[in-house]
Each structure stands twice: as structure tokens, then as C-alpha cells.
Amino acid sequence: MVVGARRAGLSISQSAQLLGFSRTTISRVYKEWCEKGKTSSMRQSCGRKCLVDARGQRRMGQLIQADRRATLTEITTRYNRGMQQSICEATTRTTLRRMGYNSRRPHRVPLISTTNRKRGYNLHELTKIGQLKTGRMWPGLMSLDFC
């Protein structure tokens, strides 16, 4: 915006007033653009640093590979055991999502739970009593009949 204002013919004072920056900032940014052809921003160095770096992500991946059924709490506890700086469960969840693990629940959940299977229900009975009222097409099924 600074470069555009200056290229449009505005003075340093007019650009500063228009954009809400100091005259020093306007002149510094425009001078840098004239010399280097680009402007840099210090925004990359602001904000909180990541607690889990690339090495930490590799370690977390190894923990997950060692026990695929581990819960979020167990993963966090095992991760914190070997690290100097501990992290919370929210940080673990964010890191896992960033790594591509979107859920700690298996993706292929059986259509009929083991509890209902032990009770002797089948899919047709479950749709009658209203436990499956989604109306979606399930993989391997042609349709759900709602009676």
C-alpha cells in the first residue's frame, strides 16, 4: 500500500496521513522497495513460537506408531516424559491435526456396535427402533428401509 501510494504521486506526508503510518515508516518502506524491489515484513518473527518443532513432530509420530490406539492424554503424557518443555493436550491435538491425524477415533467404525450385536439386534431392527435415523447411504448397503 505504501509503494502504491508513493507510485501514485502522493508525498511522504500525504501517504503517512492516508495510510496511518509514520513518515519514517513510509520513507523506509519505499526506499527499501526502490533498492531491493521488494519489501520485508517483521511479521514472521512475531507471535508465539511453536512448542513442537520438526523434531518434536517426528517424536510424536513415533509415539503414535508405537501405539496406534493411544488416547490424547496418553500421547501427551508419553511426549512430556522425554522433553524439557511440557505441552498440554490442546497443543498435542493441534500438532496431531497439523501432522494429518485428524481424529483419535478409527475411521472405520462398525455399523452395528458390539453392544447391540451382543443384544442380538440386526440392522433392520435398529432402524425400526430409531437408533439409525441418518438417512445416509452407508458403504456396502444399498439403502436403509425406515418402517
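If a disulfide is a pair of cysteine sulfur atoms within 2.5 Å, the count here comes to zero disulfides.

A word on the basis of all this: what we have is a predicted model, in which local features need pLDDT of at least 70 and side-chain atom pairs count only at pLDDT 80 or more, while totals for chains, interfaces and linings use all residues. Residues are numbered from 1 along each chain as its sequence is written, and side-chain values use heavy atoms, with hydrogens and water left out.

Taking helices as DSSP runs of H or I with at least four residues, and strands as runs of E with at least two, numbered from the N terminus, the protein chain has eight helices and zero strands. Of its 147 residues, 22% count as buried. With contact meaning heavy atoms within 4.5 Å, 34% of the contacts between residues at least 6 apart in sequence join residues at least 24 apart.

Let me go to helix 3, residues 23-36. The expected span of a helix is 1.5 Å times one less than its number of residues, and for the 14 residues of helix 3 that gives 20 Å, which agrees with the 20 Å between its end C-alpha atoms. Which residues of helix 3 are buried? They are Ile26, Val29, Tyr30 and Glu32. Seen down the axis, these buried residues fall within an arc of 155 degrees, so they line one face of helix 3, the arc being that of the directions from the helix axis to the C-beta atoms. That buried set packs against helix 1 (2-7) and helix 2 (12-19), while on the other side of helix 3 Arg23, Thr24, Lys31, Glu35 and Lys36 are exposed.

Glutamate 32 counts as buried because its relative accessible area is 14%, and, leaving aside neighbours within four places in sequence, glutamate 32 is in contact with Gly37, Lys38, Thr39 and Ser40. Glycine 37 follows helix 3 and has a positive phi, near 80 degrees. As for tyrosine 30, the charged end of arginine 6 sits over its ring, 4.8 Å from the centre; the rule asks for NZ of Lys or CZ of Arg within 6 Å of the ring centre and within 35 degrees of the ring normal.

Now to helix 4, residues 54-66, whose 13 residues reach 18 Å from the first C-alpha to the last, close to the 18 Å expected. Gly56, Met60, Gly61, Leu63 and Ile64 are buried in helix 4; they fall within an arc of 160 degrees seen down the axis, so they too line one face of the helix. The face turned away carries the exposed residues Ala54, Arg55, Arg58, Gln62, Gln65 and Ala66. What do the buried residues of helix 4 pack against? Their partners are helix 5 (72-81) and helix 6 (89-99).

Methionine 99, in helix 6, is partly exposed, with a relative accessible area of 24%. Not counting residues up to four places away in sequence, methionine 99 touches Gln57, Met60 and Gly61.

Terms used
Buried < 20%, exposed > 50% of the residue type's maximum accessible area, 1.4 Å probe, protein only.
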